Amino acid sequence: MSQGQDGAEQRLVTPGMAVGPSTGKRAGSGVIAQNESFIATRLGWLQEMNNTVSVNPINATYMPRSGDLVVGVVAEVRNNLWFLNINGAFQGLLPMSLAPWKVEFGAARMHMDVGDVVLARVQEVDECHNVVLTMKGVGLRKLNQGAVLNVPVQHVERLRGPNNERLQQLRDMSDCRIMVGENGRVWVDGDKNGIAWSRHAIQRVASDGHKTNFDALMAELNTMNKGDA
Amino acid sequence: MGGYGDVQLLRDDGKRLDGRALDELRPVTVEAGVLPAADGSARVTHGLNVAVVAVYGPMEAHPRKIQRQDRAVIDVRYNMAPFSTSDRIRPGFNRRSREISKVTADALESVVLVERFPRSKIRVEIEILAAEAGTRCVGITAAAVALADAGIPMRDLIVGVASGKVEDTVVLDLDKAEDNYGQADLPVGILPNTGEIAFLQMDGDLSPEEFDLAMEYNFKAAGEIHQIMVEALQRRYEGGEA
């Protein structure tokens with residue numbers, strides 16, 4: 001998604017800018033059709049893929065979609081549900097029926113309290129942005145240890161790389177468990193040097209991952225002593 | 001704004017007191033991303049005006065009674081700093097700042113794709129640090145850049161610009177003396193790519209011919225300011241920072 005940004009064909013567009021004729025092409029995200037031409041609606045890099053013109057935004061807020069893996073922080077607890085901050089405009093709702101435990105009415109706080117961090121999946125999003133989360137699924141759980149790092153939402157793809165290659169590389173280099181949430185939160189667990197190195201590396205990937213010399217940067221990161229991070 | 005007959009606002013050589021031609025803008029500078037804590041921000045200087053705008057959101061709209069089920073609301077707060085003019089301004093909201101906040105929000109709502117964010121709120125904080133006539137236009141221009149910087153989808157980059165009348169002559173971009181002692185003021189919010197008008201106010205009287213000329217000046221100036229806005233946004237990100 002964010003790859004190849006410094007290729008010659010990449011163009012930075014601003015809202016309202018005409019980005020070419022609309023005939024025979026489809027409007028992707030960040031683009032609207034107006035009078036037979038496409039108009040950019042966001043600040044970002046113009047891209048065309050599979051006959052679809054879209055803008056890869058420079059800044060974005062997290063818009064939840066059904067099926068997204070997210071790292072949430074419990075913000076409110078009610079008798080039978082939790083509200084989770086998922087780094088978006090709206091909190092996500094986790095009902096006790098979708099929690100991995102058998103929860104008695106009124107005992108939700110016994111399992112998770114405000115401030116706890118969980119790995120959850122977006123079950124459903126309706127047109128009014130009501131988000132329902134689930135913790136029923138393989139690997140979805142309360143995260144009791146490790147650290148949560150934040151990366152800009154639009155750079156999550158960069159962190160994973162094609163076929164999760166870059167993420168796997170980071171896991172191998174840091175010797176840590178790393179889970180990337182679609183909402184721009186990354187959970188890292190390992191020894192403290194590994195976490196410190198990962199914190200540094202993830203920030204570098206988020207800021208420089210689109211550059212062509214990134215492989216050299218990864219090699220440089222790898223040579224860095226984990227204790228020095 | 002009835003005009004003051006004894007105040008000379010045009011020089012004998014046909015230029016204005018500050019040496020500008022009738023259709024000449026004051027110097028404009030735009031900088032995007034000046035506030036690290038905000039989702040998007042901008043600083044615009046226009047003559048001696050200085051405006052800083054911070055944008056936050058989209059976020060859940062509170063209190064819930066302001067939520068709209070089908071679109072976002074834009075919450076604009078326009079404020080002049082107490083030190084922004086030679087006479088100290090009493091801090092806090094007043095009738096004028098409420099009015100300008102309202103008209104600015106209406107103007108921005110017509111360009112932001114509000115239907116993409118139901119039940120949300122986009123907060124736009126406009127702070128005027130120095131004022132020298134035309135602050136509502138500077139606020140709108142800065143808000144447009146800050147919204148773009150925040151990644152909010154918009155149909156266009158709206159530009160605020162004003163023309164007016166002094167000594168029975170239409171002039172572009174009134175300065176303080178022209179605003180205080182002139183005969184009319186016509187601030188507009190223009191969408192430069194489509195030529196639409198999202199906001200228009202008129203203070204004083206203009207004949208239809210004068211109005212047409214003032215709008216012609218406004219459209220020409222909007223194109224110039226728009227170019228500066230686009231360059232500011234590109235300057236921020238072109239270096240590969242994103």
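User: In what order do the elements of chain B run from the N terminus on?

Analyst: This is a predicted model, and in it chain B holds 4 helices and 10 strands. Read from the N terminus on, the elements of chain B follow the order β-β-β-β-α-β-α-β-β-α-β-β-β-α.

User: What radius of gyration does chain B have, and how does that stand against a compact globule?

Analyst: Along the principal axes, the C-alpha atoms of chain B fill a box of roughly 55 × 40 × 35 Å. Chain B has 242 residues, and because a compact globule with that number of residues would have a radius of gyration near 18 Å, the value for chain B agrees with it: 18 Å.

User: Of the contacts in chain B between residues at least 6 apart in sequence, what percentage join residues at least 24 apart?

Analyst: Of the 242 residues of chain B, 50% count as buried. When the contacts in chain B between residues at least 6 apart in sequence are taken together, the part that joins residues at least 24 apart is 70%.

User: Is B:Gly164 buried or exposed?

Analyst: B:Gly164 is found in strand E6 of chain B, which covers residues 159–166. Beyond its neighbours within four places in sequence, B:Gly164 is in contact with several residues, including B:Val171, B:Leu174, B:Glu178 and B:Leu186. B:Gly164 and B:Leu206, 42 residues apart in sequence, have C-alpha atoms 8.5 Å apart in space. Because B:Gly164 has 28 C-beta neighbours inside 10 Å, and 20 or more are needed, the residue counts as buried.

User: Which residues touch the most other members of the largest nonpolar core?

Analyst: The largest nonpolar core has 115 residues, and it draws at least three residues from each of domain 2 (69–143) and domain 3 (147–228) of chain A. Apart from this core lies another, of 10 residues, among them A:Val13, A:Ile39, A:Trp45 and A:Val53. In the largest core, the residues that touch the most other members are B:Val53 and B:Val145.

User: Which residues does B:Val145 touch, not counting residues up to four places away in sequence?

Analyst: In general, nonpolar side chains in soluble globular proteins tend to be buried together. Once residues up to four places away in sequence are set aside, the residues touched by B:Val145 are B:Val30, B:Ala32, B:Ala42, B:Met229, B:Ala232 and B:Leu233.

User: Which element supplies the largest share of the side of chain B that touches chain A?

Analyst: Where the two chains meet, 29 residues of chain B are in contact with 22 residues of chain A. Three elements of chain B, namely E3, helix H2 (135–149) and helix H4 (208–238), each supply at least two residues of the side that touches chain A. By class, this side of chain B has 15 nonpolar, 8 polar and 6 charged residues. The largest share of it, 5 residues, comes from H4(B).

User: Which residues of chain B are joined by a cis peptide bond with omega of about 5°?

Analyst: As a general rule, most peptide bonds are trans. One cis peptide bond joins B:His62 and B:Pro63, with omega about -5°, and B:Pro63 is found in the loop between E3 and strand E4 (73–80) of chain B. The place of B:Pro58 is in strand E3 (residues 49–60) of chain B. The cis bond with omega of about 5° joins B:Gly57 and B:Pro58.

User: Is B:Asp173, with its positive phi, buried or exposed?

Analyst: In general, most residues other than glycine have a negative phi. A:Asn51 has a positive phi of about 65° although it is not a glycine, and because A:Asn51 has 9 C-beta neighbours inside 10 Å, it counts as exposed. B:Asp173, with a positive phi of about 60°, lies in the loop between strand E7 (169–172) and helix H3 (176–181) of chain B. Because 25 other C-beta atoms lie within 10 Å of B:Asp173, this residue is buried.

User: Which residues form the covered face of strand E12 of chain A?

Analyst: In a regular strand, the side chains alternate between the two faces of the sheet. E12(A) is joined to strand E10 (residues 92–95) of chain A by 2 bridges, in parallel, and to strand E11 (residues 117–125) by 4 bridges, in antiparallel fashion. The uncovered face of E12(A) holds A:Val132 and A:Thr134. The covered face is formed by A:Val131 and A:Leu133.

Terms used
Residues numbered from 1 in each chain as written. Chains lettered and ligands numbered in written order. Predicted model: local features only at pLDDT ≥ 70, side-chain atom pairs only at ≥ 80, totals over all residues. Buried ≥ 20, exposed ≤ 12 C-beta atoms within 10 Å, placed from the backbone. Core = buried A, V, L, I, M, F, W, Y, C linked by C-beta atoms within 7 Å. Domains from an automatic or database assignment. Contact = placed C-beta atoms within 7 Å. Nonpolar A, V, L, I, M, F, W, Y, C, P; charged D, E, K, R; others polar. Rg over C-alpha atoms; globule rule 2.2 N^0.38 Å. Pairing = 2+ DSSP bridges.
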